[in-house]
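Please look over the sequence and the model below before reading on.

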Amino acid sequence: MEKEFIRETKRTITLNVTGGKIDSFREIEKTTGTVRVYENGCIGIAGCLGEPDEAALTEKAKEALAFGVPYPCKLEGALELEEVHDAEILPIADFIPTMQDFLDRLGALCPKFAFSNKIGLEYSRTEYRNSLGRRLVSAGRQFYVSLVAQNRGSGNLFDTFFAWDGDYFNAEELLDEFKKEYDAFFRPVTLEPGRYPVLAVPDQLLYRFGRHFLGDLYAAGASLLSGKLGQPVFSDRLSVKDDRNPATAQTTCFFDAEGCVAPDFRPTVVENGVLKGLMTTKKTAAQYGLPDLGSADAAYDGVPEPGFHKTWVEPTAETLRELVPEKAVFAVVASGGDATPEGHFATPVQMAYLMENGELVGRLPELNISGEFFELFGKDYLGTVHDAPLPGTILSAFMMDVSI
Amino acid sequence: MVQFRNGFYADVRVEDRFCTVISYKDGALEEMKNPVERQAFLRVYDGKLWYYASTTDVAHLQKTLDGLYAAATENPRILEDPIVRRFERNRDTLDSFGGCSVRDVPLRDKQALLLAYLPLLNEDACVKLAQGMYLDRNSQFCFQSSLGADIRYVYQTCGLAFSFSMAEGEKKFSGHWSKAGTRFDELQGLEEAIRAALREHAGFLRDSVQAETGKFPVVLSPEAAGVFAHESFGHKSESDFMLSDESMKAEWQLGKTVGSPILSIAEYGGVPGSGFVPYDDEGTKARKNYLIKNGVLAGRLHSAQTAAALDEGLTGNARAKDCSFEPIVRMTTTYIEGGELDFDQLLAPIEKGYYIKTIHHGSGMSTFTIAPCLAYEIVNGKLGRPVQISVISGNVFETLGLIDGLTKDVELLSFVTGGCGKMEQYPLPVGFGGPCVRVSAMNVQ
């Protein structure tokens with residue numbers, strides 16, 4: 001009988017912001033434990049909230065084998081690796097005064113905005129062991145600002161977001177960028193309907209097509225990508241990976257739920273336009289004869305399932321100006337859109353800026369953008385830039401139909 | 001449960017959650033589990049800041065509570081605080097599921113129920129990947145506050161969810177069908193309903209055409225109308241968004257006309273189903289609240305914090321996704337009230353439009369969106385071919401004013417998958433529904 005043991009701890013400190021003032025402090029530390037055992041082609045799983053008793057969980061997992069859940073035993077082999085990057089970002093005792101000072105400065109810079117929502121710190125640690133000698137430890141940290149901005153008097157739930165996450169806090173850097181967006185917000189501009197480069201966080205588009213990258217759907221012939229593994233299907237400038245690299249994905253564990261460690265900690269889905277991988281677990285990879293991508297996810301008491309954590313797109317440009325030198329639409333909030341079964345994608349864009357020469361020009365009215373799946377990531381894919389406008393940000397550009 | 005101290009407001013919420021998940025994919029067992037989780041959320045308020053903690057160590061709540069007391073500052077006048085003065089002091093025990101708890105249904109019976117339905121998913125060769133799930137939840141909630149509130153109630157849902165990915169040649173389509181209830185025996189005898197759903201989805205795969213884009217009259221089914229009510233106006237009625245900007249109260253003054261005179265949207269946590277919240281997570285008893293009554297802004301949803309800030313009454317809408325989070329203002333069951341027409345009368349005046357029968361998802365801000373799954377064209381007052389639509393959207397207030405027809409019958413829906421998302425707290429079970437709703441113009445893409 002083979003076995004895996006996983007222990008996860010997540011500590012979060014969260015401040016709630018209302019009207020630019022901190023009104024609550026929440027500190028949560030949550031530990032979970034998991035044991036999976038494999039025997040006769042089946043998996044048995046036991047999980048717990050709180051500090052795990054490995055022996056007791058192992059017994060429960062053995063009992064769960066009786067459910068008869070089929071799962072191949074394909075554990076990863078011996079490897080010892082630690083990536084621990086969990087040094088304190090800010091002392092907890094200083095967190096409220098430091099953040100209130102930041103909010104006061106932001107409020108002074110952006111007086112027409114009322115800010116609310118969350119600012120937080122996260123520290124996470126995952127330990128994985130299996131009976132073949134694999135021992136992995138991943139620990140990360142993250143500071144995040146997630147502020148909803150209401151334009152006073154607009155009557156709207158929110159008008160725009162100011163958000164950032166990373167493994168440090170630099171007030172000047174954030175205030176400088178947020179002030180640029182604030183100034184652009186109050187410069188209304190218009191745009192004739194037509195085709196324009198649309199700049200967006202790549203997940204805003206990829207998310208709606210995510211299911212087509214699922215291994216089981218692919219194998220069943222029900223994915224738009226079915227039959228195309230190993231083939232060039234997108235722009236040869238497009239490379240898409242699942243980011244588990246501690247350098248850029250601070251709180252994502254560098255290995256997946258089954259202990260897989262990808263080269264450069266980034267399992268590859270698309271490389272230079274070629275479909276290289278699909279979202280799989282060890283089970284679906286074996287069942288359908290697909291490469292094991294190593295991006296499995298799992299609840300603490302659940303069977304592994306295909307997952308995707310943080311999209312990483314290979315950069316093609318050094319700067320925003322290089323990526324979109326002419327007029328471009330920067331889609332900041334594009335919520336509620338979807339794609340038809342044949343891949344026609346459309347979404348309203350609730351908050352967009354006009355950009356020119358890579359700089360914010362002004363705020364556009366609400367608009368709609370649309371395009372076709374294979375074209376968006378094919379001939380209409382313009383490229384990707386990293387660390388703009390803020391460090392850690394990834395923005396991709398697509399030529400799309402824009403209507404207002 | 002715990003000893004409260006004077007000079008602070010505090011409450012403790014404990015959930016004992018029993019769940020069952022049984023999942024099959026293409027006829028093979030994928031997952032079977034029935035965990036029981038116990039978790040607590042504790043709050044201390046000193047009149048200036050709230051201090052929160054969540055713990056799975058339910059046996060030592062006093063230690064966690066004392067930690068929060070240590071962080072807060074004693075306030076001898078805490079009982080005069082406007083938030084604290086609003087809290088209700090209900091004492092009640094409510095178990096609507098005595099004798100029919102899903103905890104008492106053997107796992108093998110749940111598995112057998114699901115297994116009996118699974119072969120139906122493969123009756124049409126176009127189904128390439130089929131998944132079936134049985135899901136249930138029985139939560140025993142306990143809430144106590146330093147003001148003397150002591151509430152115990154039980155929440156229960158159970159249901160079946162099927163998804164099917166279809167392909168025929170180059171045509172692809174994915175659909176879903178689900179049935180949710182509160183008692184296990186409600187899930188029997190669904191064969192014909194499942195078969196009918198599969199036939200309709202297969203027909204959509206084979207015969208659907210791309211919809212014409214532009215502005216058209218649209219008829220929303222109870223499911224789509226419920227999402228519309230939830231997304232278009234329900235979220236706007238959550239008062240926490242009014243706290244940051246002082247001008248919001250004038251902008252959202254009660255009595256203002258915000259929609260068609262035939263439109264009334266209500267919200268009530270007492271409706272059995274997935275949005276059942278007889279007491280909210282601050283101990284407030286559920287009551288029916290009108291958000292819009294005959295087109296006029298009639299009310300909004302509150303926690304004690306927002307009710308105090310806006311000097312309005314409690315509504316029973318302070319909810320948390322689970323005991324990892326603090327309660328914030330959320331919906332329970334939100335629905336549009338019925339009108340006077342039957343379905344044929346609703347369609348009759350439409351020369352060219354669309355009927356949205358089922359949906360993938362919806363969202364709502366100043367613009368709301370609905371991503372349809374099954375949709376049909378309406379031609380000369382009759383339903384026509386199935387059509388593919390990426391998204392329908394509209395400005396919320398314009399659309400509320402363009403509602404010009406409602407059917408008499410109202411359907412309230414429950415769910416065992418998905419839920420409502422608000423910032424970090426997703427998914428929260430809610431219910432929604434309504435009649436069929438006709439809107440004279442919506443943007444179809």
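This is a predicted model: local features need pLDDT of at least 70, side-chain atom pairs count only at pLDDT 80 or more; totals for chains, interfaces and linings use all residues.

Residues are numbered from 1 along each chain as its sequence is written, while chains are lettered from A and ligands numbered from 1 in the order in which they are written.

A residue is buried if 20 or more other C-beta atoms lie within 10 Å of its own, exposed if 12 or fewer, and partly exposed in between, with C-beta atoms placed from the backbone. In a regular strand the side chains alternate between the two faces of the sheet. Strand β7 (residues 134–151) of chain A pairs with β8(A) in the antiparallel sense over seven bridges, and Val145(A) has Trp164(A) as its bridge partner. Strands pair if DSSP finds at least two bridges between them.

Chain A has eight helices and 23 strands, which are DSSP runs numbered from the N terminus (helices H or I, at least four residues; strands E, at least two). The radius of gyration of chain A is 23 Å, close to the 22 Å from the globule rule for 404 residues, so chain A is as compact as a globular protein of that length. That radius is taken over C-alpha atoms, and the rule is 2.2 Å times the number of residues to the power 0.38. Of the 404 residues in chain A, 50% are buried.

The largest nonpolar core has 240 residues, and those with the most contacts inside it include Val329(A) and Tyr354(B). Such a core is a set of buried Ala, Val, Leu, Ile, Met, Phe, Trp, Tyr and Cys residues joined through C-beta atoms within 7 Å. Beyond four places in sequence, the contacts of Val329(A) include Tyr196(A), Leu364(A) and Val402(A); a contact means C-beta atoms, placed from the backbone, within 7 Å.

Where the chains meet, 53 residues come from chain B and 51 residues from chain A. Strand β2 (residues 28–33) of chain B gives the largest share of its side, six residues. Strand β2 (residues 21–39) of chain A runs parallel to strand β4 (residues 50–55) of chain B, joined by four bridges. Arg26(A) has Tyr52(B) as its bridge partner there.

Key: Two residues are in contact if their C-beta atoms, placed from the backbone, lie within 7 Å.
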